[in-house]
Amino acid sequence: MASSTIFKLFAVISLLNVCIASRATPKSLVEDVQTQLLKYHKGALLQGRISVNLIWYGKFTPSQRAIVADFITSLSPSSPSQSQPSVAAWWKTTEKYYHLASATKPSLFLYLNKQILDDSYSIGKSLSQNQLVDLASKGEQMNAINVVLTASDVAVDGFCQNRCGTHGSKSVAVKGKNKKFAYIWVGNSATQCAGYCAWPFHQPIYGPQTSPLIAPNNDVGVDGMVINLAALLAGTATNPFGNGFYQGTADAPLEAATACPGVYAKGAYPGYAGDLLVEKTSGASYNAHGANGRKYVLPAIYDPSTSKCSTLV
């Protein structure tokens with residue numbers, strides 16, 4: 001079952017600063033699993049080496065593709081040297097969910113694999129959910145997360161109305177066996193609803209009208225896509241098949257990053273992303289260093305060991 005990530009400013013109900021401040025060990029995490037905000041529904045999580053395949057649908061420049069590709073590369077601790085706070089350090093919070101799900105030492109290693117370009121709009125500029133899944137099927141069929149990224153002139157069902165992206169899974173027959181791969185879709189909202197899906201880099205459509213921040217890679221649409229992609233990756237890792245960690249209903253779950261809407265740094269409140277770092281020369285805001293000298297703004301992840309939204313800064 002797919003789940004959506006929505007970044008409405010007025011939806012920032014709270015920062016979820018629940019009590020329990022002590023850091024738990026993996027053993028105590030397992031013992032406390034039933035007390036967590038996000039309940040574990042006993043389903044399988046992604047394990048081992050998982051390829052991330054990017055399917056670019058529509059017109060993207062090489063520099064735009066590089067922003068996203070470098071982000072995926074940055075998730076690995078073995079990626080090119082990153083200053084702190086790093087993308088890899090942000091991603092490490094998801095490991096705590098794996099300790100909750102298993103008494104053994106689980107592992108997940110994401111790596112950038114194929115990039116597939118469809119810049120001819122092969123199935124048009126208005127896509128349904130089923131068409132997104134068909135596009136995702138162009139990636140690997142096993143041990144994969146296939147990410148469909150639609151250009152700013154592509155309309156997708158529900159895009160800008162109630163979602164900025166979504167994730168789910170698809171069953172496929174591989175060598176006579178039923179397998180599943182995970183998929184993600186994220187749209188470029190630069191010309192359709194930047195104030196909805198690319199905040200805080202654009203004036204918000206709803207809520208307190210704070211000034212937009214300067215995007216770290218100078219691309220409001222694609223820097224916004226990275227925020228949404230990051231949240232969806234966290235949801236995919238911790239709830240890949242609709243029966244992992246979530247709260248609420250399976251078709252509209254609260255997940256690892258969507259449990260912390262609008263929170264990017266300490267001090268965040270509705271309409272304010274938090275006390276982000278600022279690059280001196282450009283004035284751009286960021287909270288994470290990535291590969292190849294990149295900087296990104298990444299969403300908070302709900303930390304099950306502290307019952308709080310965890311931010312890098």
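**Rings and strands: a short tour**

Okay, let's start with two residues: Trp199 is buried, and Tyr264 is buried too. Buried here means under 20% relative accessible area, with exposed being over 50% and partly exposed in between, using a 1.4 Å probe and protein chains only.

Quick housekeeping. This is a predicted model, where local features need pLDDT of at least 70 and side-chain atom pairs count only at pLDDT 80 or more, while totals for chains, interfaces and linings use all residues. Residues are numbered from 1 along each chain as its sequence is written, and side-chain values use heavy atoms, with hydrogens and water left out.

Now, the rings. A pair of aromatic rings is described by the distance of the centres and the angle of the planes. For Phe, Tyr and Trp (its six-membered ring), centres within 6.5 Å make a pair; planes under 30 degrees apart are stacked, over 60 edge-to-face, and the rest tilted. How many aromatic pairs does the structure hold? There are 12 aromatic pairs.

Take Tyr40 and Phe245: their ring centres are 4.5 Å apart and their planes at 20°, so this pair is stacked. Tyr40 sits in strand S2 (residues 39-40) and Phe245 in strand S10 (residues 245-249), so the pair ties together parts 205 residues apart in sequence. By the way, helices (H or I, at least four residues) and strands (E, at least two) are DSSP runs, numbered from the N terminus. Both Tyr40 and Phe245 are buried.

Back to Trp199 and Tyr264. They form a tilted aromatic pair, 5.9 Å centre to centre with 50° between the planes. Trp199 is in the loop between helix H6 (194-197) and helix H7 (220-238), and Tyr264 is in the loop between strand S11 (252-254) and strand S12 (277-278), so this pair ties together parts 65 residues apart in sequence.

There's also a cluster: Phe71, Trp90, Trp91 and Tyr296 form one aromatic cluster.

So what about the strands? Two strands pair if DSSP finds at least two bridges between them. S2 and S10 pair in the antiparallel sense over 2 bridges, and Lys39 stands opposite Tyr246 in S10. S10 also pairs with S11, antiparallel again, over 3 bridges. There, Gln247 has Leu254 in S11 as its bridge partner. And S10 and S11 form a hairpin, with 2 residues between them.

Last stop, charges over rings: that's NZ of Lys or CZ of Arg within 6 Å of the ring centre and within 35 degrees of the ring normal. Arg49 lies over the face of Tyr111, 4.3 Å from the ring centre. Lys125 has its charged end over the ring of Tyr121, 4.6 Å from the centre. Thanks, everyone!
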